[in-house]
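This report takes the model piece by piece.

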Amino acid sequence: MMKVNNTHSEIELVRDNSNCLALGTAVVLTNGSLTRVDAKTAHGLIRGTERFDIRGIIDHNSAGREAGEVLDGIQRSIPVYADIDAYIAATGKKPDYAIIGVALCGGRLNEQWQSLVLSILNQGISIVNGMHMLLDDIPVFHDSARQNNATIIDIRRPQPFDQLHFWSGKIFEMKIPRLAVLGTDCALGKRTTARMIIETCKKSGMNAEMIYTGQTGWLQGNRYGFILDTTVNDFVSGEVEDAIVRCEQEARPDLIVVEGQSGMRNPQGPCGSEIIVSGNIKGVILQHTPFREFYDATEALGCSLPDIESEIKLIEMYGTSVIAVTLNGTGGSKEELLSYSRILEEKIGIPVICPIEESMEKIIPVLKKFIRDHDRLPDTTARKLSKDKVYCHD
């Protein structure tokens with residue numbers, strides 16, 4: 001097992017060395033929320049990770065079941081236990097890590113969660129924390145970890161500004177085709193769809209790499225990326241660019257897929273334009289949820305989701321093209337979703353895919369065409385070069 005101490009530089013070393021074996025065995029903590037959208041980090045880890053060896057889920061409401069069956073009906077041999085003591089009793093050993101598997105509004109753990117985490121540290125089990133609340137900075141957690149020979153990895157610890165990258169324009173020198181998976185809202189499966197695209201590409205003989213922009217992407221073992229919502233705003237564009245540049249220069253894939261965050265018009269934190277423009281992203285796959293009326297967690301305010309056609313028009317105003325739409329069917333039946341998918345595809349004239357309900361193979365011809373055409377597509381930013389005084393759209 002690789003030893004990881006909670007200093008920023010050493011965590012960064014692990015992020016940049018993702019070809020290594022899993023850091024160790026782990027359980028994922030959901031504290032009764034496994035079936036809720038808040039547990040999207042746990043859902044991602046159940047679907048797959050190369051960074052940790054997931055041995056179980058800790059969730060008292062779903063104890064005794066299999067995690068994949070709870071998530072989407074697909075068995076993945078990951079048992080659900082009521083608590084950490086039940087896991088230890090069943091397996092005869094402690095896990096190396098317990099990963100906080102939820103993403104809570106405001107990024108803060110309540111008192112119940114804090115008590116759970118402290119009890120686990122007191123047993124000498126290291127904690128992987130994706131909250132904005134940095135546990136290793138709080139004396140009671142820091143002292144418990146040190147006294148019990150455990151580690152706290154605060155994934156969302158911001159990088160010092162002198163380790164961040166400012167946008168340089170190197171992105172215009174990059175040649176490998178890249179697209180982004182954006183969404184009309186947060187918490188609707190953008191990262192899951194991006195991972196499924198990568199997996200489908202690899203099965204089809206295409207070498208694809210994902211650029212992660214959130215904590216779960218790092219937890220799943222992706223080699224390139226950064227955590228957008230902990231990055232000082234001045235450097236977000238540069239970090240997008242740097243991740244793409246490093247991926248192209250080091251991995252040399254056939255295709256780069258950038259994970260989007262939130263939605264272009266989400267009032268809680270709009271996101272997407274910086275990925276398109278600063279990453280010179282020439283193609284977008286747009287994730288949408290047809291059965292959600294309001295932006296996530298804004299129901300009381302009545303903040304309505306935009307219709308997908310207007311979102312496509314908005315995205316394409318940034319100089320890119322939406323090449324496919326993917327759908328999250330939460331809130332409707334499979335029959336309703338597939339019917340909506342067929343109608344929408346006829347209406348907008350581009351492929352519409354339901355990643356969970358049907359095969360992702362339908363995306364492969366779209367991606368191959370995008371790769372073939374990429375060199376002829378215009379940059380998202382028109383450039384007037386000093387040498388010839390014309391706009392360059394190469």
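## Salt bridges

E50 is partly exposed, at 45% relative accessibility. Buried here means under 20% relative accessible area, exposed means over 50%, and partly exposed lies in between (1.4 Å probe, protein chains only). The partner of E50 is R195: their side chains meet in a salt bridge, 2.9 Å from N to O. R195 lies in helix α7 (residues 190–203) and E50 in the loop between α2 (40–47) and β2 (53–58), so the pair ties together parts that are 145 residues apart in sequence. R195 counts as buried, at 10% relative accessibility. A salt bridge is a side-chain nitrogen of Lys or Arg within 4 Å of a carboxyl oxygen of Asp or Glu. Helices (H or I, at least four residues) and strands (E, at least two) are DSSP runs, numbered from the N terminus. The model is predicted: local features need pLDDT of at least 70, side-chain atom pairs count only at pLDDT 80 or more, and totals for chains, interfaces and linings use all residues. Residues are numbered from 1 along each chain as its sequence is written, and side-chain values use heavy atoms, with hydrogens and water left out.

The structure holds 22 salt bridges. One of them joins D137 to R157, with the closest N and O atoms 3.1 Å apart. D137 sits in the loop between β5 (126–129) and α6 (139–147), and R157 in the loop between β6 (152–154) and β7 (178–183), so this pair ties together parts that are 20 residues apart in sequence. R157 is buried, with a relative accessible area of 17%. E345 and K362 also meet through their side chains, 2.7 Å from N to O. This pair links distant parts of the chain, 17 residues apart: E345 is in helix α12 (residues 334–348), and K362 is in the loop between β13 (352–353) and α13 (363–373). E345 is partly exposed at 28%, and K362 is partly exposed at 36%. Elsewhere, salt bridges link R47, D72 and R76 in a network.

## Nonpolar cores

Which residues touch the most other members of the largest nonpolar core? They are F52 and L367, in a core of 70 residues. A nonpolar core is a set of buried Ala, Val, Leu, Ile, Met, Phe, Trp, Tyr and Cys residues joined through side-chain atoms within 4.5 Å.

Leaving out residues up to four places away in sequence, F52 touches A22, L23, G24, A26, Y97, I99, V128, W218 and L219. Contact means heavy atoms within 4.5 Å.

## Helix α12

α12 has 15 residues, which at 1.5 Å a residue should span 21 Å. The end C-alpha atoms are 21 Å apart, in agreement. The expected span is 1.5 Å times one less than the number of residues.

The buried residues of α12 are L337, S341 and L344. They cover an arc of only 75° around the axis, so they fall on the same side of α12. The arc is that of the directions from the helix axis to the C-beta atoms. An α-helix has 3.6 residues a turn, so residues three or four places apart point the same way. The buried residues of α12 pack against α11 (308–316), β12 (321–327) and β13. On the other side of α12, E335, R342, I343, E346 and K347 are exposed. G349 follows α12, with a positive phi near 75°.

## Strand β7

Six of the six residues of β7 are buried. Both faces are covered. R178, A180 and L182 are buried on one side, and L179, V181 and G183 on the other. In a regular strand the side chains alternate between the two faces of the sheet.

β7 pairs in the parallel sense with β10 (residues 255–259), over four bridges. Strands pair if DSSP finds at least two bridges between them. In β10, V257 stands opposite L179. β7 also pairs with β11 (residues 283–288), in the parallel sense over five bridges. Here V181 stands opposite I285.

## The six-stranded sheet

Six strands form an open sheet with parallel pairing, in the order β3-β2-β1-β4-β5-β6. β3 (80–81) and β6 stand at the edges with a single partner strand each, so one side of each is left without a neighbour in the sheet. Within this sheet, β1 (residues 25–29) and β4 (residues 97–100) pair over four bridges. The bridge partner of L29 is I100 in β4.
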